[in-house]
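Let us take a walk through this structure together, one region at a time. Keep the view open and turn it as you read.

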Amino acid sequence: MSSEPTLPSEATAPGLESGSANASSRKRGTPRKGKEPHRAPECFKGRVNEKKQQKGKDPKIRPTHFIALPLNHHESLRNDIASFHSSLLAHDPPIQGLDKSIVIDPRRIHLTLGAMALEKDIQETTPPQQPASNGGEPLEQAGTPAEADEENAPKLTISSALALLESLKPQISTILTSSGTTESKKVYIPLDVLDVFPPGSTEKANVLWVGPDHKKQKVSRNEEWKVLWRICDLIHTTFKSQNYITDARPLKLHCTILNTSHRKPRRGGGFSFKEVGETTEALESFGVNDIEISGLNLDNEVKEGSASQPGSTILSSAPTAAHVDDIVASPRPANTPRRWPKSSPIPVNLGSWEVGTAELWVMGSRGANNEYVSVGGIKLE
């Protein structure tokens, strides 16, 4: 007598859990096997993207190049900055937010006059194609007048940027020859202040820089500063007027030596400028020797003259230089850390350094010695 085959008692219909006839074993929202997940029609996607573009700002264009005044060719300056870095990293206790990854290699030091996004130069090997006849049918419209103007606008390329820089040589020469210094036809950068970005940050600074003290230099009527500012302002304003430089912020001459944007692994938080100001050994490598600020009066600021008029007077109605140099040496008790006024720049004495060229450097590039790669430039003469 044959027996009929029977299913195992724990077997259930596909897709159903044991003990429940309607329960599904798949998670909510996941498609069934063999079926494509639901997707919104393309027409709806277009509307969603259009709304996002209307709500948001235009996407930022990443800069590809920048105009630099190189300082990395001065070996003694590189050594001073390297010594400063070493002292900061060796400080005990460690400076809050400081690590090796945010230290800028002295072989990359420079002053930036403006960053820009440039297209690569493309040489046409074949003549442009003419529109072909389509048997008398009306040709498709090329686009709106605004789109046509945008297409016909001059391209911002490496060669056009270098050509614009080259066109400024006669004006730069006039600025140099009209200066009253004995060291005519030379440009010098004074490095006399240590400060941070954002300005006034004490515990969460993002950038540590050394550079000219703009307020002090304006008031002191220093001829070297006037020449430097006229040339830098000429280059910066010219490139901005030609839409190469789109950053609306005013020009601030500075040489970056710490930058948290390079931190690895990436994490939030800045470094303590307050603790940097208490590192005696590091500051001494920048020419700071037991000085205290006794009252720097810089209330009466003056305005720069127009770069298009090299012979014009930049400084006017300024107080005497005696008010500016009111930084006096005073003894400090032993083992007492130096403390600067809160959010105050630190006066340093790194000297004044000649810069002979203005160059176009590739953003983020690294040469054989870890320096930025230059694609050209002009001599400042």
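Trp-225 and Trp-229 are both buried. Please keep in mind that this is a predicted model, and that every value below is computed from it. The two tryptophans belong to helix α7, which covers residues 223-241. Four residues separate them, about one turn of the helix.

How do two rings like these relate to each other? A pair of aromatic rings is described by the distance of the centres and the angle of the planes. By the pairing rule used here, with ring centres within 6.5 Å, the count comes to seven aromatic pairs. For Trp-225 and Trp-229, the centres are 5.8 Å apart and the planes meet at 25°, so this pair is stacked.

Stay with α7 and look for its neighbour, helix α4, made of residues 158-167. The axes of α4 and α7 are 11 Å apart, and the packing angle is about 135°. The two helices are therefore oblique to each other. The crossing of α4 past α7 is right-handed. On the α4 side, the contact is made by Ala-161, Leu-164 and Leu-165, while α7 contributes Ile-235, Thr-238 and Phe-239.

Phe-66, Trp-361 and Tyr-372 make up one aromatic cluster. Arg-108 lies over the face of Tyr-372, 3.8 Å from the ring centre.

Now step back to the whole chain. The protein chain contains ten helices and twelve strands. It has 381 residues, of which 35% count as buried. Among its contacts between residues at least 6 apart in sequence, 78% join residues at least 24 apart.

Finally, turn to the backbone. Most residues other than glycine have a negative phi, and most peptide bonds are trans. Where does this chain depart from that pattern? One place is the peptide bond from Phe-197 to Pro-198, which is cis with omega near -10°. Pro-198 sits in the loop between β4 (193-197) and β5 (207-211). Lys-264 and Pro-265 are also joined by a cis peptide bond, with omega about -5°. Pro-265 is in the loop between β6 (255-259) and α8 (273-276).

As for phi, Asn-243 is not a glycine, yet its phi is positive, at about 70°. You will find Asn-243 in the loop between α7 and β6. With 54% relative accessibility, Asn-243 counts as exposed. Asn-370 has a positive phi too, near 70°, and lies in the loop between β11 (357-362) and β12 (374-379).

Definitions and conventions
Residues are numbered from 1 along each chain as its sequence is written. This is a predicted model: local features need pLDDT of at least 70, side-chain atom pairs count only at pLDDT 80 or more; totals for chains, interfaces and linings use all residues. Side-chain values use heavy atoms; hydrogens and water are left out. Rings of Phe, Tyr and Trp (its six-membered ring) pair if their centres lie within 6.5 Å; planes under 30 degrees apart count as stacked, over 60 as edge-to-face and the rest as tilted. Buried means under 20% relative accessible area, exposed over 50%, partly exposed in between (1.4 Å probe, protein chains only). A charge sits over a ring if NZ of Lys or CZ of Arg is within 6 Å of the ring centre and within 35 degrees of the ring normal. Axes are lines fitted to C-alpha atoms, for helices over the stretch in contact, and angles run from 0 to 180 degrees between N-to-C directions. Angles under 35 degrees count as roughly parallel, over 145 as roughly antiparallel, 65 to 115 as roughly perpendicular and the rest as oblique. A crossing is left-handed if the near helix is turned anticlockwise from the far one by less than a right angle, and right-handed if clockwise. Contact means heavy atoms within 4.5 Å.
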